[in-house]
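Please look at the sequence and the model below, and then follow the strands, the cores and a few single residues in turn.

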Amino acid sequence: AWPISSMDDEPGPALGDALVAARKRGVEVFAILDGNLTDPRFYLRLRLGGVKVARYNKIFKLGGKLGLGGKLGDDRTHRLHMKTLVVDSTRAVLGGMNLSDDYNKGDGQNAYFHDVDLLVEGPAATHAAFHFQALWRDLEPDRDAPAVASVEAAPITHRTRGVARFIAQESDQGSSAIRDYYLRCFYAANRRIIWHVNNVNPKGPLIDALAAAVDRGVEVICITNSIEATGGLYGERIGDAWYKLLSRNRRALTDVGVQVYEHDVPVHSKAVVVDRVMAAVGSY
């Protein structure tokens, strides 16, 4: 599932070719793409190559709204923001990177993004596959969904060094699962919270949780974009306006004692570390 793929630069065609090649050697390949932000040529490339493709939100949405034969998935009118790749129900790549040269290429001296993705193996990857399957069935109730091979979770013992979990939040359906998990972790923090994020806009409960952590003596750090970063991405005028908008949100953090640091190379990653115990990488 990806929101952006382009036929005008390298990553879109490269991934498309790899998916079509997998299909030609007999692999079942399914893709869920954002209907508004995906290059239509990429969508067509996959379809012609035998890949089963679904649109998360339709280009024309009125059919479902007016009862004109729209399918169940037509109520998905928001952006598809998640980025997941699952292979054989056992391996998954999760994170925040979009499929575009704008996000993938840079030498540290230009305006390209800093990003983070995570390779997950085992039960968490299977959970990601089950979520993809459920989303596909919602979007395409009349088409066969991908089969998911169940993987038995390894027993948790005192020797376990880490446990990976897959959490999906579908805000357009009223879900707040990721936010709720962050809240649990913030309220349990004892020493330090580090949040590396491109857009700073935490409101209500998240601000309250961070403020409570600061009051307990927890060091809370947010790393985000500077005016140089936003200006390099969007041009001076738009970048300055965007920075000023985000600055209001920064003040909400600094007012409760959060330390905010700005990165001159644009930040696109979304990553949180709590007490060197919990680390989250995703698109939230």
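In which sense do S9 and S10 pair, and over how many bridges? The pairing of S9 and S10 is antiparallel and runs over five bridges. This is a predicted model. Valine 274 has methionine 278 in S10 as its bridge partner. Three residues lie between S9 and S10, which together form a hairpin, and in the turn aspartate 275 has a positive phi of about 55 degrees.

An open sheet is formed by five strands in the order S8-S7-S6-S9-S10, with mixed pairing. Strand S8 (259-263) and S10 are the edge strands, each pairing on one side only. On average, neighbouring strands of the sheet are turned by 10 degrees against each other, direction ignored. Strands of a sheet pair through backbone hydrogen bonds, in either a parallel or an antiparallel way.

Helix H6 lies across S6, S9 and S10 and runs at about 30 degrees to S9.

The largest nonpolar core has 24 residues, of which Tyr182, Phe186, Ile193, Trp195, Leu210 and Val274 touch the most other members. Two or more residues each come from helix H6 (177-188), strand S6 (192-197), helix H7 (205-215), strand S7 (219-225), strand S9 (270-274) and strand S10 (278-282). In soluble globular proteins, nonpolar side chains tend to be buried together. Tyrosine 182 is in contact with Trp195, Leu206, Val272, Ala280 and Tyr284, leaving aside neighbours within four places in sequence.

Is arginine 250 buried or exposed? Arginine 250 counts as buried because its relative accessible area is 6%, under the 20% cut-off. Arginine 250 is part of helix H9 (residues 236-254). Not counting residues up to four places away in sequence, arginine 250 touches Val200, Thr224, Asn225, Ser226, Tyr243, Val260 and Glu262.

Ser226, one of the residues touched by arginine 250, also takes part in a polar contact of 3.2 Å between its side chain and that of glutamate 228. Glutamate 228 is in helix H8 (residues 227-234). Between the C-alpha atoms of glutamate 228 and glycine 239 the separation is 8.2 Å, and these residues are eleven apart along the chain.

Conventions: Residues numbered from 1 in each chain as written. Predicted model: local features only at pLDDT ≥ 70, side-chain atom pairs only at ≥ 80, totals over all residues. Heavy atoms only, no water. Helix = DSSP H or I, 4+ residues; strand = E, 2+ residues; numbered from the N terminus. Buried < 20%, exposed > 50% of the residue type's maximum accessible area, 1.4 Å probe, protein only. Contact = heavy atoms within 4.5 Å. Core = buried A, V, L, I, M, F, W, Y, C linked by side-chain atoms within 4.5 Å. Pairing = 2+ DSSP bridges. Polar contact = N/O pair within 3.5 Å; in protein donor to acceptor, adjacent residues only side chain to side chain. Axes fitted to C-alpha atoms, helices over the stretch in contact; angles between N-to-C directions.
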